[in-house]
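Hi,

Here's the structure I said I'd pass on to you. Have a look through it first, and then read on for my notes.

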Amino acid sequence: MDLPDRLADETALEELLSRPAPAVVDVFRRLRGDLAVLGSAGKMGTSLVTMACRARDAAGSPAKVFSVSRFGDVSVRRRHEAAGAETVACDLLAEDAVDRLPPAAHVVYMAGLKFGTSERPDLTWAANTVAPIQASRAYRDAAIVAFSTGCVYDFVPVGSGGSVETDALEPRGEYANAAVARERLFEYASRERGTPVVLLRLNYALEPRYGVLVDLAQRIAAGQPIDLSTGHFNGIWQGDANAAALRLLEQAASPPLAINVTGTQTLAVRDVATRLAERMNTSVAFTGEPAPAALLANAAQATALLGAPDTPIERVIDWVADWIARGGRTLGKPTHFEVRDGRY
Ligand SMILES: NC(=O)c1ccc[n+]([C@@H]2O[C@H](COP(=O)([O-])OP(=O)(O)OC[C@H]3O[C@@H](n4cnc5c(N)ncnc54)[C@H](OP(=O)(O)O)[C@@H]3O)[C@@H](O)[C@H]2O)c1
């Protein structure tokens, strides 16, 4: 891909985030039937829905792309329609609404609830269990790529290369355990009904308005020291994560394929923050020492299946540094990636 040196504004950013790689267009040349994206109005949904529409159009496919969410923010709904999707307002927790969803041969399931777990754990469990039960029932004959998270694993030693897909799912905290339940319910649907499923375990989608790099760059810009206790992480350009999700529609299987989707490197917070600060023409101070274990995932299976992510992490770091140094808009949602007790 022809990558720019900097992202001039949100229009340029969103164009890049939703630009379909040739492999994604090829998927839409082969797919037969419509696609429904459930829980599409979140941080990643607009770029995924737009990428799907662009890939469909480039492939000359007649497939419909249904974008399904509650759409509390109506401007998001308008953007999905402008991209060429048919939007459906639906609360996936409402049984009768799920029964009226349009049929589709393919589903990308993105709904989830992470933050606020400490105050309303009941909501977190309902969002991550009741909704998957209903969605997997409504789309029992579809191929489903269900977003999950690298948080389903426990911490591993920093030098280990990260958790692999066969590792035990014994994480810390209620959100992560609800995410395990989300996976297990899709797995149950797959094993009981034969629904082909991919469980996509994502570790930290990165873009200039949200993500671990934004958290670090904002602290650097504010002159705050970076705590190194959670000293390592994995990350992937959000566009590459969305491309992986769409390409994995062709890998759906029963029993499900579980797959880590993240960058190929274990990133050290010290190195990343140092590069960010250099690019921001400022300095950075550190406190603490990196813990010997961290939440890390091994991307070898995804790399073997799909190739390495297209966007080099160094380029993503430079884009974020430039964006934050210029005072670019952010979502104002910290990732809490440094949390070590599972309480997000
Ligand atoms: N972003 C990351 O770095 C990251 C990392 C690891 C895993 N993931 C996983 O990837 C998925 C997508 O990420 P994201 O960052 O886009 O998540 P997100 O911002 O939390 O978006 C999920 C969306 O799901 C929708 N939703 C939630 N409950 C719903 C319900 N009952 N009915 C209908 N829609 C509902 C919400 O939109 P409405 O309010 O419009 O309904 C919400 O915005 C998530 O499931 C998350 O677990 C993301």
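Before anything else, a word on contacts: I call two residues in contact when they have heavy atoms within 4.5 Å of each other. Also bear in mind that this is a predicted model.

With that in hand, let's start at threonine 262. It sits in the loop between strand E12 (257–261) and strand E13 (267–268). If you skip the neighbours within four places in sequence, threonine 262 is in contact with Asn203, Asn234, Gly235, Ile236, Ala297, Ala299 and Pro309. One of these, asparagine 203, has its backbone oxygen 3.2 Å from a polar atom of the threonine 262 side chain. Is threonine 262 buried or exposed? It's buried, with a relative accessible area of 3%.

Next, the strands. E7 covers residues 197–202, and six of its six residues are buried, so the strand is largely enclosed by the rest of the structure.

Which way does E7 run relative to its partners E5 and E12? E5 and E7 are parallel, joined by six bridges, and E7 and E12 also pair in the parallel sense, over five bridges.

Now the ligand. There are 24 residues around it, and the closest are Lys43, Met44, Arg70, Leu92 and Met110. By class, that shell is made up of 13 nonpolar, seven polar and four charged residues.

- a polar side-chain atom of aspartate 91, 2.9 Å from a nitrogen atom of the ligand
- a polar backbone atom of alanine 205, 3.0 Å from a ligand oxygen atom
- a polar backbone atom of alanine 111, 3.5 Å from a ligand oxygen atom

On its own the ligand would expose 850 Å², and the protein buries 86% of that. Strand E5 (143–149) and helix H7 (174–193) are the elements that give two or more residues to the shell. E5, the strand bridged to E7, gives the most, with three residues.

Two more residues are worth a click. Valine 214 lies in helix H8 (residues 212–221) and is buried, at 2% relative accessible area. Again leaving out neighbours within four places in sequence, valine 214 is in contact with Glu207, Pro208, Arg209, Val320, Ile324 and Thr330. Arginine 247 is 33 residues away from valine 214 along the chain, and their C-alpha atoms are 27 Å apart.

The other is arginine 56, in helix H3 (residues 45–59). Why does arginine 56 count as buried? Because its relative accessibility is 9%, and buried means under 20%. Not counting residues up to four places away in sequence, arginine 56 touches Phe28, Ser61, Ala63, Lys64, Val65 and Gly84. For glycine 84, look at the backbone oxygen: it lies 3.1 Å from a polar atom of the arginine 56 side chain.

Cheers

Note on methods
Residues numbered from 1 in each chain as written. Predicted model: local features only at pLDDT ≥ 70, side-chain atom pairs only at ≥ 80, totals over all residues. Heavy atoms only, no water. Near = heavy atom within 4 Å. Polar contact = N/O pair within 3.5 Å; in protein donor to acceptor, adjacent residues only side chain to side chain. Areas by Shrake-Rupley, 256 points an atom, 1.4 Å probe, with all protein chains shown as cover. Helix = DSSP H or I, 4+ residues; strand = E, 2+ residues; numbered from the N terminus. Nonpolar A, V, L, I, M, F, W, Y, C, P; charged D, E, K, R; others polar. Buried < 20%, exposed > 50% of the residue type's maximum accessible area, 1.4 Å probe, protein only. Pairing = 2+ DSSP bridges.
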